Amino acid sequence: MLPRHDQPIAAIATAPGRGAVGIVRVSGESVAPIIAALCKRALKPREATYLPFLAADGTAIDQGLAIHFPAPNSYTGEDVLELQAHGGPVVLQLLLARCLEAGTAMQLRVAEPGEFTERAFLNDKIDLAQAEAIADLIDASTEAAARSAGRSLSGEFSREIHALRDALIHLRMLVEATLDFPEEEIDFLQKADAQGQLERLQQTLARVMQRARQGALLREGIKVVIAGQPNAGKSSLLNALAGAELAIVTPIPGTTRDVVSQTIQIEGVPLHVIDTAGLRESEDHVEMIGIARAWGQIESADAVLFLHDLTRAPQADYAAADAAIAQTLAEKLPKTVPVIEVWNKVDLATSPAGGGLGWGHGIHLSAKTGTGLDALRAKLLEVAGWQAAPEGVYIARERHVQALRRVDEHLVQAAVHLAAQAQALDLLAEELRLAQNALNEITGEFTSDDLLGVIFSSFCIGK
């Protein structure tokens, strides 16, 4: 622990702004001086007591509920006091200031972002994956993400990681035994079916990785940029997907000159959809800025909807401009970023005999009537990598997915060394050790202070 973890902390634990109820939370080795100063009476453990919260001169700042959670049976594992007052910003600031004043002798200070949860982790009340799930539950943008974060908070994800770790430790034990007793005639690895154990471990890891990727998708979503020439219907498509009139739609080319974004959800998966300025050659300085911003958004996209206007597709100049955009997209985007061809205005265009440009490939829709939108939504889920998930998906972060990928890489190498038998047992043992370290990073059993700082700094103050 760092020296600051020995100091008691206090903070307003509810969101800024006015509300019916607000909470000031204090945590430390002992909160008895704060109780004595503000409550002037003893509090029964874990029992709400209605009383006035007193200022230094004995007058009441407010009246509300005081609850004392003695260590170690509290959120942080320390002594915790919660003062539930009326939720006015001034009242809560006065209460916090009074707590800090009463706690001067014990060096009470204002908590840093996420410090209450950090102490819960450091005092073994929760592991790191559960701590992150608390923030993910607060920040969840969809019902599916909230439910998945709840499962992670309950320890479901951690239990899967611990099961993998236990199987890995058992396999390491067999390898170490073979290394420690090379003179024994018994082949520990063959007798214990080490090969089978490793294969089963890899199979289990594959299932956990799949669910973690789905959980990360629920948390992060993907960035989808709508691109195309002016008047192709990009703003209309954004409005249709969002179900609201977010972007201005007119027949005048170049109406959209800045980035317009909206987060939507499809089957619980958040998609950050961005409408951009029409891509074309322009002499208008403002429009040129908008086009430059459009390309900036395109280059950072996870997927691009390349929107075409079916009513203008047969025109040679329009087709040539689309081809030029397609060429630039191919040059600017990595191969891993999908470009979805979308043909708009099917309500106004008719398919020529034998088909024609735009007909027969890509997704055909009408942003105006809604025809084809379901097919587009299904395609977006497909490129995002979403699968119809069982109820048991838990929330995960990209760092969890990356750690699991490292575990997989080490196990692949371990399988190679295991096949070589005695000639590579020391290398096998090392790969298994590294795989276990990568697993431990997820739950925080093996991690750095720098990583903890990054994780908890993203929490809100008071949590």
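**View 1. Packing of the buried residues of helix α10.** The buried residues of α10 pack against β7 (222-228), β9 (269-275), β10 (303-309) and α11 (316-332), where contact means heavy atoms within 4.5 Å and buried means under 20% relative accessible area, with exposed over 50% and partly exposed in between (1.4 Å probe, protein chains only). Helices (H or I, at least four residues) and strands (E, at least two) are DSSP runs, numbered from the N terminus. This is a predicted model, in which local features need pLDDT of at least 70 and side-chain atom pairs count only at pLDDT 80 or more, while totals for chains, interfaces and linings use all residues. Residues are numbered from 1 along each chain as its sequence is written, and side-chain values use heavy atoms, with hydrogens and water left out.

**View 2. The buried face of helix α10.** The buried residues of this helix are Glu287, Gly290, Ile291, Ala294, Trp295, Gln297 and Ile298. Seen down the axis of α10, they fall within an arc of 160 degrees, so they line one face of the helix; the arc is that of the directions from the helix axis to the C-beta atoms. Helix α10 covers residues 285-299, and its 15 residues reach 21 Å from the first C-alpha to the last, close to the 21 Å expected at 1.5 Å a residue, a span taken as 1.5 Å times one less than the number of residues.

View 3. A search of the whole structure finds 0 disulfides, a disulfide being a pair of cysteine sulfur atoms within 2.5 Å. For Cys39, the nearest cysteine sulfur is that of Cys99, 8.6 Å away, which is too far for a bond. Cys39 is buried, with a relative accessible area of 6%, and Cys99 is buried as well, with a relative accessible area of 0%.

**View 4. Leu305 in the largest nonpolar core.** A nonpolar core is a set of buried Ala, Val, Leu, Ile, Met, Phe, Trp, Tyr and Cys residues joined through side-chain atoms within 4.5 Å. The largest one has 35 residues, and those with the most contacts inside it are Leu237, Leu271, Leu305, Leu376 and Leu380. Helix α12 (residues 373-384) gives the largest share of this core, 5 residues. Leaving aside neighbours within four places in sequence, Leu305 is in contact with residues including Val224, Ile226, Leu237, Ile340, Leu376 and Leu380.
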